[in-house]
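Student: I would like a close look at a single part of this structure, in plain terms. Please take one chain, go through it piece by piece, and then show me what its partner looks like.

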Amino acid sequence: MTAPSSVDGAPGGQTESRLGGIAKALLDAAVRPLRGLLTYAGDRTLLLSSAMGGLFRKPFRLRLFLEQMEFVGVGSLPIICFVGFFSGAVSAQQAIAALRIFNQERFVGATVGISLAQELAPVFTALMITARAGSGMATELGSMRITEQIDALSTFAVDPIQYLITPRIVATVLMMPIMTMVFNIIGLVGAYIYSILLEHIDLGQFIEQFTYWTDPKDYVIGCTKAAVFGITLSVAACYQGYYVRGGAKEVGLATTSAVVAGSVSVLVSDFFLIDIFHILWPYQS
Amino acid sequence: MNPQSAHPPAVVDPSAVGASGGAGALARRDERWQIRVRGLHKTFPPQHVLRGIDLDIERGKTNIIIGGSGQGKSVLMKHLMGLLKPDAGQIWVDGVDVVPFNDLEMAKLRRKYGMVFQYAALFDSMNVVENIAFPLLERYKLPKSEVMERVRDLLKRLDLENVGGIEQKFPPELSGGQRKRVGLARALIDRPEILLYDEPTTGLDPVATKNVDEMIQRTAHDFGVTSVVISHDMASTFRIGDRISMLAGGKIIVSGTADEVIRSPLPALREFVETSGLVAPGAPA
């Protein structure tokens, strides 16, 4: 294709045309990432809205919701407990090391309690659920897609999004706060064992500082964040699996993408949620 | 190239497509033709896949649609099933144009259909009984005893009852042929009028292929259904087809009985038939 030339053939016209082309290319390069981001968010929002539409439409398949709650929640319980215990113990270890500089080790209960409730428990739980349940969702849905099981559902006049996606998203949103509370409890057990049994912190001070500084609000914030993470990670996983095209290799790639997209979306949304909650509930001394 | 433009009249059987008449004739229930497709177009940009399909499906017979890979056979099948909407054209089922149907009407229409997928598309998470019963459980509230009675009747009629523990087996535990039969049982459980088969013999050895052919013929006879088979297996096609249509270049280029089709001089068809080894290359049409 030739570039349009000026009417009189003057070189100035060609230069203007070339500059216009460069400007357009630069603008396009600048806009492309934004367009990609909007498309990414838009596609997933559409899937989420379709899935939520299915929640209020008959037939209601309670069994599917319970199965998914078992998969996301009960199935993830061992890894949540394991990670929760060591996260609590490591938090206590770090807190004691820092507080010892000021001879204030007695605050370890408060430090670990608040950090677990607001940050560590919801984020680590979300990352664990992404790795275990999110990857499982993407693989299962991807396999169903490439073996035409999703098409088969449509031939029986069953809405595949209502049947497959809605229970997965709802189950993840419901189970995330519960798993976060389990993480909190086990994390505190880890912190207790390290602080009291290994570092010989006074038990009375540990409990007193924990109960004085840790507020129910911290747990409300943590559980609300967990529910939001439940939406972002399950939508990311379901989208990657549901829209797979190709074969086994593509299912593998979709699973990887689901874990990456789920983890990134959890951490990015965490950043914004912290700000939102600090505006709603400012820190009080 | 449009094959129809370069060859003699495409349709062998003048009583079919050529004598279709106007919309008035199509809008009446015809004793011979159950499905009548007129001027069907579908584009998946930039590909114009279906370029004006005219096709008639004979009631109670085994209708086979042949064609090479990528010619749009599966796309045509999905239009017949109502899983895709055409860009233009009409699909008359028992004298009713179903293209303008909404989702609810389409869901009702699909009860007339059963579909057997290329690799059966059985649900991996369900055992054989749950797979076969799925359409009944989704559509009606029937007593469990009646559902089981119908499932066992189909297992018996499709020679599956003697397979040890078949009812509790999961799809990965079944052979290719057994999977096809279970897929057929699932398609038949709601007593459809029309059965669609998507390349049913792909991936099977010659003996299994012959068994599936017999199964298709016996099903058409025993259950009195109209069968539509998408295939590129010429030996099977001429063994079981009552009516054969060939799809090439986005159009039906020939349609008729096995004898009529095998004698057609159309180069695209000759190449297809000769390559399959059914007639010697260069043999008179």
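Tutor: What follows is a walk through chain B, ending with a look at chain A.

The model is a predicted one. Chain B has 12 helices and 10 strands. Of its 285 residues, 42% count as buried. If you take the contacts in chain B with a separation of 6 or more, 69% of them are between residues 24 or more positions apart.

Start where chain B meets chain A. On the chain B side 13 residues take part, and they are in contact with 10 residues of chain A. Two elements of chain B, strand S6 (113-116) and helix H6 (128-139), each supply at least two residues to that side. The largest share, 3 residues, comes from H6(B). By class, the side of chain B that touches chain A has 11 nonpolar residues, no polar ones and 2 charged ones.

H6(B) also has buried residues: Val128(B), Asn131(B), Ile132(B), Ala133(B), Phe134(B) and Pro135(B). Their cover includes helix H7 (144-157) and helix H8 (176-188) of chain B.

From H8(B) you can go on to helix H9 (residues 206-223) of chain B. These two helices pack at an angle of about 15 degrees, and their axes are 10 Å apart. An angle under 35 degrees counts as roughly parallel, so H8(B) and H9(B) are roughly parallel to each other. Their crossing is right-handed. On the H8(B) side the residues that meet H9(B) are Gly176(B), Gly177(B), Lys180(B), Arg181(B), Leu184(B) and Leu188(B). On the H9(B) side they are Ala208(B), Asn211(B), Val212(B), Met215(B), Thr219(B) and Phe223(B). Sorted by class, this contact has 6 nonpolar, 4 polar and 2 charged residues.

Now turn to a strand. Gly52(B) is placed in strand S2 (residues 47-58) of chain B. Gly52(B) counts as partly exposed because 17 C-beta neighbours lie inside 10 Å; a buried residue would need 20 or more. Leaving aside neighbours within four places in sequence, Gly52(B) is in contact with Gly39(B), Leu40(B), His41(B) and Lys251(B). Gly52(B) and Ile132(B) are 80 residues apart along the chain, and their C-alpha atoms are separated by 36 Å. Ile132(B) is one of the buried residues of H6(B).

The loops of chain B call for a look at the backbone. Most residues other than glycine have a negative phi, and most peptide bonds are trans. The bond that joins Pro45(B) and Pro46(B) is cis, with omega about 5 degrees. Pro46(B) lies in the loop between strand S1 (33-44) and S2 of chain B. Asp94(B) has a positive phi, near 50 degrees, and sits in the loop between strand S4 (88-93) and strand S5 (96-97) of chain B. With 17 C-beta neighbours inside 10 Å, Asp94(B) is partly exposed. Asp159(B) has a positive phi too, near 60 degrees, in the loop between H7 and H8 of chain B. Asp159(B) has 14 C-beta neighbours inside 10 Å and is therefore partly exposed.

That leaves the partner, chain A. Helix H4 (residues 108-146) and helix H6 (residues 160-198) of chain A pack at an angle of about 140 degrees, with axes 7 Å apart. That angle makes H4(A) oblique to H6(A), and the crossing of the two is right-handed. The residues of this contact divide into 19 nonpolar, 7 polar and 1 charged.

Helix H9 (residues 248-280) of chain A has 33 residues. From its first C-alpha to its last H9(A) reaches 47 Å, close to the 48 Å expected at 1.5 Å a residue. Its buried residues include Val251(A), Ala254(A), Thr255(A) and Ala258(A). The buried residues of H9(A) pack against H4 and helix H8 (216-242) of chain A.

Chain A also has a cis peptide bond, between Lys58(A) and Pro59(A), with omega about 0 degrees. Pro59(A) is in the loop between helix H1 (11-55) and helix H2 (62-72) of chain A.

Conventions: Residues numbered from 1 in each chain as written. Chains lettered and ligands numbered in written order. Predicted model: local features only at pLDDT ≥ 70, side-chain atom pairs only at ≥ 80, totals over all residues. Axes fitted to C-alpha atoms, helices over the stretch in contact; angles between N-to-C directions. Helix = DSSP H or I, 4+ residues; strand = E, 2+ residues; numbered from the N terminus. Parallel < 35°, antiparallel > 145°, perpendicular 65-115°, else oblique. Left-handed = near helix turned anticlockwise from the far one by under 90°. Nonpolar A, V, L, I, M, F, W, Y, C, P; charged D, E, K, R; others polar. Contact = placed C-beta atoms within 7 Å. Buried ≥ 20, exposed ≤ 12 C-beta atoms within 10 Å, placed from the backbone. Expected span 1.5 Å × (residues − 1).
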